[in-house]
Amino acid sequence: MLRASSQRVFTTQRIVQRSLATVASRTTNTSNYPAPFFPDEPTQPSMKTAVPGPQSKAIQQRLTQYQDTRSVFFVADFEKSKGNYIVDADGNALLDMFAQIASIPVGYNNPAFLELVKNPAFQTALANRAALGVNPNKDWVDNVENAFMRVAPKGLDQVFTVMCGSCANENAFKTAFMYQAAKKRGDKDFSLDELTSCMNNQAPGSPDMSILSFSQAFHGRLFGSLTATASKAIHKIDIPAFNWPKAPFPLRKYPLAENEEYNTKVEKESLQAVEEIIQKNKQPVAALIVEPIQSEGGDNHASPAFFRQLQAICKKHDVLFIVDEVQTGVGGTGTFWAHEAWELPESPDIVTFSKKFQAAGFFLNHRLRPSQPYRLYNTWMGDPVRAMQAAAIINEIESKDLLTNVKQVGAYLQEQLPTFKSLENLRGQGTFIAFDLANSAKRDQLLMDMRQKGVNVGGCGDRTVRLRPMLTFQRRHADIFLNTIEDALKLQ
Ligand code: PSZ
């Protein structure tokens, strides 16, 4: 487990300490790079055309007949992509620090995955998809143990698998509602009134309960998860929502060391708001959901102490504490689960996952298992193919010691980035690093310029650049990124 203090503090002192000599060592001293995880990936970006190039544009134009492609950056050639590099339809090789919206853990065409495809058990699972609630294959229990229980947070002895991050959160919410309703009902059976009223979406069968989430949160785009989401209006507009409360997420000021008083104050205010909502909200709060780092909402971090107190408030009121690790899970922050860095006295009640794990779902304690079967249920209930992939990912992380790699390369980036004076509010944990540009136009221009120079980086919030490299991103890649951003900033 990583110490809570591992969250890097960017101080002015450190900025002053940074000398031009260190920058020079970044650009010239490549002899002490650790051995590459992918000896056959490109050694640097190679650009043949603008991005998107003519091939990308032609395919996109064809696809636009049937699908909205306005969000497409460029069309990929996954067959040619390798390791940390994504190759596009025009043959451009870009260092990929966006990684399918933070969802590629161990590189494109990782040999472990290519090997897995040859495995007869994998082929059987691919050719014969199981409805896992009806006919799990005889090896499904092995997958559950190898992929999920191996990395289950302490005390969370159950796992429910689904198809995506939003599905994971929606089913976690249902679990919380069933738990709270069962607690209220005691030993009694469902009443006739409950059984009939729920068929018309009325109380008492469809009770008034809520999920408490935070301002700027992102938990998905389905009805319950979208209600809990508050990152951008465009995600929510026109969609009916539940009447669920939001507490303000503390928006800290940087550098942390110079803003301790303010940051303690905003965290305290947020915690007070949480407790007040739990005590006073008209729709009783069944659970609170929080991201370890608010990602879509602008890469907002809070202190480990904040999260410990959040859990304590939830515990005091028996509100379930759900940690959404859909984006932060599986190593990018330097620990397998980001919440490990908080040193909680006990695990959260529910931890949801997807993205880099390839498999989606959530961990829970057996006391939260619903009273009857079929209440947490659907056709596929996950996918054995993805579970096998998840097990291979854990093997890669362990055998290549990728968490240590993330910590080291994250620390290096966090040390180097303060030399760029126009990058504001530097913040990070592991390689989950972000900084702000002066405004959204400058941010968008920087992202575009970097892409033309062969480094694929994404944004979030209004004016934030967020780094989401793979766990296989090494010092050699960090230097390419640093040199490229240095060049791109000169264009601003
Ligand atoms: O615009 C979008 O729909 C995006 S861009 C990034 C995401 C979604 N992230 C998905 C996500 C997440 O980051 C967190 C913390 N929780 C839940 C989700 C939803 O996961 P999916 O997209 O798999 O439903």
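Colleague: Which residue does the side chain of arginine 466 meet in a salt bridge?
Modeller: This is a predicted model, in which local features need pLDDT of at least 70 and side-chain atom pairs count only at pLDDT 80 or more, while totals for chains, interfaces and linings use all residues. Residues are numbered from 1 along each chain as its sequence is written, and side-chain values use heavy atoms, with hydrogens and water left out. A salt bridge here is a side-chain nitrogen of Lys or Arg within 4 Å of a carboxyl oxygen of Asp or Glu. At 2.8 Å from N to O, the residue paired with arginine 466 is glutamate 296.

Colleague: How many salt bridges does the rule find across the interface of domain 1 and domain 2?
Modeller: An automatic or database domain assignment supplies the bounds, giving domain 1 as 2-96 + 401-489 and domain 2 as 120-398. The structure holds 21 salt bridges. Across the interface of domain 1 and domain 2, the number found is 2.

Colleague: Which element gives the most to the side of domain 1 that touches domain 2?
Modeller: Between the two domains there are 13 residue pairs in polar contact, both residues being at pLDDT 80 or more; such a contact is a pair of N or O atoms within 3.5 Å, and within protein one must be able to donate a hydrogen and the other to accept it, residues adjacent in sequence counting only if both atoms are side-chain atoms. On the side of domain 1 that touches domain 2, the elements giving two or more residues are α15 (402-416), β12 (424-429), β13 (432-436) and β16 (464-467), where helices (H or I, at least four residues) and strands (E, at least two) are DSSP runs numbered from the N terminus. With 5 residues, the element that gives the most is β12.

Colleague: What area is buried between domain 1 and domain 2?
Modeller: The centres of domain 1 and domain 2, taken over C-alpha atoms, are 29 Å apart, and the contact, meaning heavy atoms within 4.5 Å, takes 30 residues from domain 1 and 33 residues from domain 2. Buried area is the accessible area (1.4 Å probe) that two parts lose on being put together, summed over both. Carbon and sulfur atoms give 55% of this area, which is about 2500 Å².

Colleague: Which residue does a cis peptide bond join to tyrosine 254?
Modeller: Most peptide bonds are trans. A cis bond with omega of about 0° joins valine 51 and proline 52, the latter in the loop between α2 (20-28) and α3 (54-64). With omega of about -5°, the residue joined to tyrosine 254 is proline 255.
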